[in-house]
Amino acid sequence: MKVITNAKFILPQQVLEKHHLIFTDTIQALEPTDASLPPEAEIIDAQGCYVAPGFINLHIHGSRGSDTMDGTSAALSSLAASLPATGVTSFLPTTMTAPWENINRALDTIRQCRGKCPGARILGANVEGPFINPEHKGAQKEAYIAPAAFAKIAAYQDIIKIITIAPETCLATGFISQCCRAGIIVSLGHSSATYEEAQAAIKTGATHITHLFNAMSGLHHRKPGLVGAALDSSVYVELICDNIHVHPMLQRLVYKLKSPDKIILITDAMRAALLGDGESELGGQKVFVHGAKATLADGTIAGSVLPLNKALRNFKANTGAPLSKVVAMVTLNPARELGLDKLGSLEVGKLADLTIFDQNFKIHQTFINGELA
């Protein structure tokens, strides 16, 4: 049994002080500091830092030299092991447009490794491509973009949690409804959809937007596009808050226009994350990293090298949102969307996935199932 003391505990509606948190593999109690402590407990002094539920990254391709599309248990293990240093305790390894055999291999590996890799917990898979529009392919390889076909993913209904589609390419096929019946979250992205096409997809069952603003039809006063549909509905929206993918002003606008519980901060990070400047790779294409920016040879932005704790810091600085609301965007919001009632908040009975960080969002300690990660 462990006890965290001298901390500021981040709850969904407030930051709580003068309490201590008792946990094993699950949270046992959050009590005032004048309550007696178990005599056998290991005391962890947070030194005035914040304690939050472990962060959940719904959209990440790779980190520290490994990528989901490597399709090996070694790569997934390396990715999972790299994430607690950024406060992440659970994640969805994310695939991308590639030959089908490569996607299948990656999904097979995710299934095999779920629950077995040390480090951050693998929750399932996020499939980004190949069912996208070539006009907004971003850093995805056009040669492997394909029409949406449920038969292609039917064998992976148990492991796929989110799938990205360009709705204008498959509205008449029944693909969205098939995914919804299978319990797969349909996300709209890499798309040239009009406002009307996007709204039709949302009415059919799409509930999520892949990295809002990036790789999609933009907001125009006569053509609201996919961005307009996202802002004018109750869908969840992802934001990459590295201040490169989305300008700080637009981060503020999204915070004003969307309910805070429908915003999810993600990284879209690739294998170059946490490695510094230099040459890397994404989907078989050379990527060049300089500072916080990663691009293909032609200058196209290629994923990110953003750690999730820095995304939190940026969004809070850019919007002035309360800390409890910002933290919920990487904890409670993604947990609720995925239907994970054991994650996302500091409540008794929930898994002891915890991260301790300071006022600059530097991670001091991360616990997964109550164990220091």
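**Exercise 1. In which loop is the place of G284?**

*Solution.* The model is predicted: local features need pLDDT of at least 70, side-chain atom pairs count only at pLDDT 80 or more, and totals for chains, interfaces and linings use all residues. Residues are numbered from 1 along each chain as its sequence is written, and side-chain values use heavy atoms, with hydrogens and water left out.

Step 1. Helices (H or I, at least four residues) and strands (E, at least two) are DSSP runs, numbered from the N terminus. G284 falls in the loop between β19 and β20 (285-290).

Step 2. With a relative accessibility of 55%, G284 counts as exposed. The classes are buried (under 20% relative accessible area), exposed (over 50%) and partly exposed in between, with a 1.4 Å probe and protein chains only.

Step 3. From C-alpha to C-alpha, G284 and Q359 are 39 Å apart in space, and they are 75 residues apart in sequence.

**Exercise 2. Determine how the radius of gyration of the protein relates to that of a compact globule.**

*Solution.* Step 1. The radius is taken over C-alpha atoms, and the globule rule is 2.2 Å times the number of residues to the power 0.38.

Step 2. For 373 residues, a compact globule would have a radius near 21 Å; the protein has 20 Å, which agrees.

Step 3. The C-alpha trace spans about 60 × 45 × 40 Å along the principal axes. Buried residues account for 57% of the 373 residues.

Step 4. The fold contains nine helices and 24 strands. Of the contacts (heavy atoms within 4.5 Å) between residues at least 6 apart in sequence, 69% join residues at least 24 apart.

**Exercise 3. Locate the salt bridge of D108 and state how exposed its two partners are.**

*Solution.* Step 1. A salt bridge is a side-chain nitrogen of Lys or Arg within 4 Å of a carboxyl oxygen of Asp or Glu. The whole structure holds nine salt bridges.

Step 2. D108 pairs with R111 at 3.8 Å, N to O. Both residues belong to helix α2 (residues 100-113), three residues apart, about one turn of the helix.

Step 3. D108 is partly exposed at 29% relative accessible area, and R111 is partly exposed at 30%.

**Exercise 4. Trace the network that contains E281.**

*Solution.* Step 1. The side chains of E281 and R271 form a salt bridge of 2.9 Å, N to O.

Step 2. E281 is in strand β19 (residues 278-282) and R271 in the loop between β18 (263-266) and β19, so the pair ties together parts that are 10 residues apart in sequence.

Step 3. E281 is partly exposed, at 26%, whereas R271 is buried, at 14%. Salt bridges with shared partners join D70, R271 and E281 into one network.

**Exercise 5. Describe the backbone features at P130, H211 and L274.**

*Solution.* Step 1. G129 and P130 are joined by a cis peptide bond, with omega about 20°. P130 is in the loop between β13 (125-128) and β14 (160-165).

Step 2. H211, a residue other than glycine, has a positive phi near 25°. H211 sits in the loop between β16 (208-209) and α5 (225-231), and is buried at 3% relative accessibility.

Step 3. L274 is not a glycine, yet its phi is positive, about 70°. L274 lies in the loop between β18 and β19 and is partly exposed, at 36%.
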